[in-house]
Amino acid sequence: QGGNNAGHTVVVDGKEYDFHLFPSGIINPKAISFIGKTHSFDQSKQLKSKHFSLYLLTGLKDWEKRLIISDRAHIVFDFHQAVDGLQEVQRQAQEGKNIGTTKKGIGPTYSSKAARTGLRICDLLSDFDEFSSRFKNLAQQYKSMFPTLEVDIEGQLKKLKGYAEKIRPMVRDGVYFMYEALHGSPKKILVEGANAALLDIDFGTYPFVTSSNCTIGGVCTGLGVPPQHIGDVYGVVKAYTTRVGIGAFPTEQINEIGDLLQSRGHEWGVTTGRKRRCGWLDLVILKYAHMINGFTALALTKLDILDVLDEIKIGVAYKLGGKRIPYFP
């Protein structure tokens with residue numbers, strides 16, 4: 001997962017959970033959930049006490065004893081989220097179109113990370129004076145880029161100091177934690193990824209992508225897991241194709257078929273509430289995802305959504321310049 005831009009709806013024993021940062025394994029009282037280092041950790045939404053109590057109300061008991069956070073996880077600040085929205089407005093004004101981000105601050109956080117000005121959980125939990133100084137510098141950088149941006153620096157720092165003490169018991173050295181998990185007593189390790197292969201920063205439909213690697217390589221770079229430890233790779237694919245936001249979609253059905261898939265499949269984003277665009281299954285992008293990820297198995301979901309259709313269509317090839325091509329262009 002690359003952050004709380006992607007939401008998962010998980011239904012267990014008739015109870016529905018909407019997760020953004022938490023791995024869905026947090027529901028299982030026997031499982032330890034681990035948030036890795038490429039995971040942008042949203043400090044404002046996920047750690048408010050009312051959010052904590054929300055999870056308690058839905059019946060997740062003692063979840064904080066089952067959650068471990070990597071000390072290398074980057075922090076999404078409120079100003080990252082504000083800048084995400086400002087950048088979208090700017091793109092719309094300058095280019096007549098935006099990327100369609102969830103405005104959760106993920107892109108700006110990854111920009112800070114790549115510019116080496118980002119702040120991580122380990123920074124928050126060590127010298128708070130040093131953290132405060134770097135936080136102020138980062139906020140000032142964004143304020144100089146976006147003059148309308150308002151940041152309550154002292155108010156934010158006060159909140160962050162409180163968050164630090166709440167999460168301190170959950171934070172571990174992530175690399176050593178994964179090493180012990182792989183080499184200690186035998187365990188079943190399941191890595192959960194959010195976002196689809198076509199949203200990968202390098203291999204997706206750029207620029208309409210997320211900011212991280214949501215293909216299989218993200219297991220190695222996100223968790224510090226050596227490639228030889230990757231076993232089975234499960235590709236999760238719907239029996240039709242969906243997309244949230246803007247970008248290429250050759251099999252899209254902007255008609256009653258698309259509306260039917262949308263309504264029967266309950267296709268709207270957990271994070272944004274936006275309707276998903278829907279169309280026929282595209283085998284070209286599925287094969288492309290397989291080229292990159294090397295699936296050992298496919299989990300085909302939502303077949304029942306197609307039950308009411310007399311005819312089902314599937315995209316089988318792309319043409320470029322009138323000729324069929326064997327690759328994803």
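How many helices and how many strands are there in the protein? There are 10 helices and 14 strands, where helices (H or I, at least four residues) and strands (E, at least two) are DSSP runs numbered from the N terminus.

Quick housekeeping. This is a predicted model, so local features need pLDDT of at least 70 and side-chain atom pairs count only at pLDDT 80 or more, while totals for chains, interfaces and linings use all residues. Residues are numbered from 1 along each chain as its sequence is written, and side-chain values use heavy atoms, with hydrogens and water left out.

Okay, the overall picture. Of the 329 residues, 46% count as buried, meaning under 20% relative accessible area with a 1.4 Å probe, protein chains only. Now contacts, which are heavy atoms within 4.5 Å. Take those with a separation of 6 or more: residues 24 or more positions apart account for 70% of them.

On to the helices. Helix α5 (residues 128-145) packs against helix α6 (residues 153-167) at an angle of about 140°, and their axes are 11 Å apart. Axes here are lines fitted to C-alpha atoms, for helices over the stretch in contact, with angles from 0 to 180 degrees between N-to-C directions. That makes α5 oblique to α6: under 35 degrees is roughly parallel, over 145 roughly antiparallel, 65 to 115 roughly perpendicular, and the rest oblique. On the α5 side, the contact includes F128, F131 and F135, and on the α6 side it includes I153, L157 and L160.

For that, rings of Phe, Tyr and Trp (its six-membered ring) pair if their centres lie within 6.5 Å; planes under 30 degrees apart are stacked, over 60 edge-to-face, and the rest tilted.

By this rule we get 11 aromatic pairs. One of them is F22 with W63, a tilted pair at 5.2 Å centre to centre and 40° between the planes. F22 sits in the loop between β2 (15-19) and β3 (33-35), and W63 in the loop between α1 (49-57) and β5 (67-70), 41 residues apart. Both F22 and W63 are buried.

Last one: how do α2 and α3 pack? Helix α2 (residues 78-95) meets helix α3 (residues 106-114) at about 110°, with axes 7 Å apart. So α2 and α3 are roughly perpendicular to each other. The residues that meet are H80, V83, D84 and Q87 in α2, and I106, P108, T109 and S112 in α3.

Definitions and conventions. Buried means under 20% relative accessible area, exposed over 50%, partly exposed in between (1.4 Å probe, protein chains only).
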